[in-house]
Amino acid sequence: MELAVSTTINSLALSSMYILMALGFAFLFSIMGVLNFAHGAIYMVAGYICYEFVTGYGINQWLSLILTTIVVGALGLVVEKLAFRPFFGDTDRTIIVCIAIILILETTVNVTVGVYVRSLPSFAPGILGSGFFSISKERLVTLLVGGVLLAATLWFINATKQGQQMQAVAQNLEGAALQGINIGRISALASFIACSLAAVAGCLMGAVFNLSPFMGDQMLVKAVELVVLGGIGSIGGILFAGLILGGLDSFLPLVTSGAVSEAIALGVIIVILLFRPRGFFGQMEMKERT
C-alpha cells in the first residue's frame with residue numbers, strides 16, 4: 001500500500017514536470033514553427049539561477065522560485081527577439097541558433113559553476129506519513145505546483161483574449177495576421193510563457209533530484225517524446241502522453257534497472273507510434289512555416 005501510494009504520487013509529480021516542459025516546447029513550435037532544442041538548456045539554467053539566489057544571496061526558496069521564473073521568462077523575450085524572430089520560417093537557421101544557445105548556456109555554467117553536481121535546497125523538507133503510507137513532501141509539493149500551473153495555463157489558453165489569439169496564430173498564421181493580431185507580440189508572449197514553465201520545472205526538479213550542466217538534455221528528450229506521442233498541435237494529447245510517460249518512468253524502475261526501464265519506455269512509445277503515427281490526437285504535420 002505504502003509503495004503503491006508513494007509511486008503514484010511520484011508518477012503524477014514527474015508527469016506534471018514533463019508536461020510543463022512539453023507545453024513550452026509545443027507553444028514555440030505551434031506558434032512560431034520553432035523547434036527549440038535549447039529548451040532543455042533553459043530548464044537547466046533556471047535550476048542554477050534558483051540555486052544561486054538561495055545559496056549565494058540567502059533568499060527564501062519560494063521567493064527564489066518566483067524571481068527565477070521572472071528572470072528566465074525575460075530571457076525568453078530576449079531569445080525570441082534576437083534569435084528566433086529574425087529567422088522566422090527558416091527551420092535550418094533556427095536549429096543552428098538553438099545549438100549555439102545550448103553551447104553558450106552550458107559552457108557558461110561549466111565555466112562559472114563547474115561540472116560538479118549541486119543540490120538545490122528542498123522546497124518542502126520532510127515526510128508526510130500516516131499508519132499506512134509515507135509520502136515525500138517535496139514530491140507532493142511538486143505535484144501541487146505543477147497541477148496548479150497546468151490548470152492556469154489551460155485556463156489562459158482557452159479563456160483569455162491573448163490565449164485565443166495564440167490558438168488563432170497556431171492554426172493559421174496568415175489568417176490571424178489579416179485579422180489584426182500582432183504576430184510579434186503573440187510570439188513574444190509564447191516565448192515568455194514557455195521559458196517560465198521551463199524555469200518552474202527546472203527549479204522544482206533541481207530540488208527533487210540534483211543540478212548538473214547537462215540535466216536539460218534528458219528533459220528535452222522527454223518533452224519531444226510527449227509532443228510527438230500526444231500529437232503535434234494537441235495540448236490534450238500532451239497531457240495524456242505526460243501521464244503515460246510519467247507512469248512508465250516511475251513504475252518501471254521498481255521492476256528493472258534504470259537503463260533498462262528507459263529502453264522499455266522508449267520501446268512502448270515506438271510501438272504506439274507504429275499504430276498511431278501522428279500520436280494520440282495529432283492535428284498537424286511537422287512542416288516548415290512560411
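**The largest cavity and its setting**

Reply: The lining of the largest cavity divides into four nonpolar residues, four polar and one charged. Those residues are M32, G33, V34, F87, F88, G89, D90, T91 and T94. The space inside comes to about 40 Å³. With a threshold of 30 Å³ or more, the count is one cavity.

This is a predicted model, so confidence comes next. The mean pLDDT of the chain is 87, and 94% of residues score at least 70. Residues 285-290 fall below 50, yet this stretch has 15 contacts in the model beyond near neighbours in sequence. Among the elements, helix α3 (residues 61-84) has the highest mean pLDDT, 95. Strand β1 (residues 127-129) has the lowest, 76.

Now the open space, for contrast. The largest pocket has a volume of about 480 Å³. Its lining takes in 20 residues, and L14, Y18, M205, F209 and Q218 lie nearest the centre. Two or more lining residues come from each of α1 (2-32), α5 (137-159), α8 (183-208), α9 (215-230) and α10 (235-251). Helix α1 gives the most, five residues. By class, the pocket lining has 10 nonpolar, six polar and four charged residues.

Charge pairing is the last item. The model has four salt bridges. One of them joins E80 and R85, with the closest N and O atoms 2.9 Å apart. E80 counts as buried because its relative accessible area is 1%, under the 20% limit. R85, at 32%, is partly exposed.

K222 is buried at 4% relative accessibility. D249 is buried as well, at 14%.

K222 also forms a salt bridge with E262, and here the closest N and O atoms are 3.2 Å apart. E262 belongs to helix α11 (residues 258-275), 40 residues from K222 in helix α9. E262 is partly exposed, with a relative accessible area of 33%. Through shared partners, K222, D249 and E262 form one network of salt bridges.

Methods
Residues are numbered from 1 along each chain as its sequence is written. This is a predicted model: local features need pLDDT of at least 70, side-chain atom pairs count only at pLDDT 80 or more; totals for chains, interfaces and linings use all residues. Side-chain values use heavy atoms; hydrogens and water are left out. pLDDT is the predictor's confidence in each residue, from 0 to 100. Helices (H or I, at least four residues) and strands (E, at least two) are DSSP runs, numbered from the N terminus. Contact means heavy atoms within 4.5 Å. On a 1 Å grid over the protein atoms alone, a cavity is a set of points where a 1.4 Å probe fits but cannot get out, and a pocket is an open set with protein on both sides within 12 Å along at least five of seven lines; lining residues have an atom within 4 Å of a point. Grid points are joined across faces, edges and corners, and a volume is the space filled by probe spheres set on the points. Ala, Val, Leu, Ile, Met, Phe, Trp, Tyr, Cys and Pro count as nonpolar, Asp, Glu, Lys and Arg as charged, and the others, Gly among them, as polar. A salt bridge is a side-chain nitrogen of Lys or Arg within 4 Å of a carboxyl oxygen of Asp or Glu. Buried means under 20% relative accessible area, exposed over 50%, partly exposed in between (1.4 Å probe, protein chains only).
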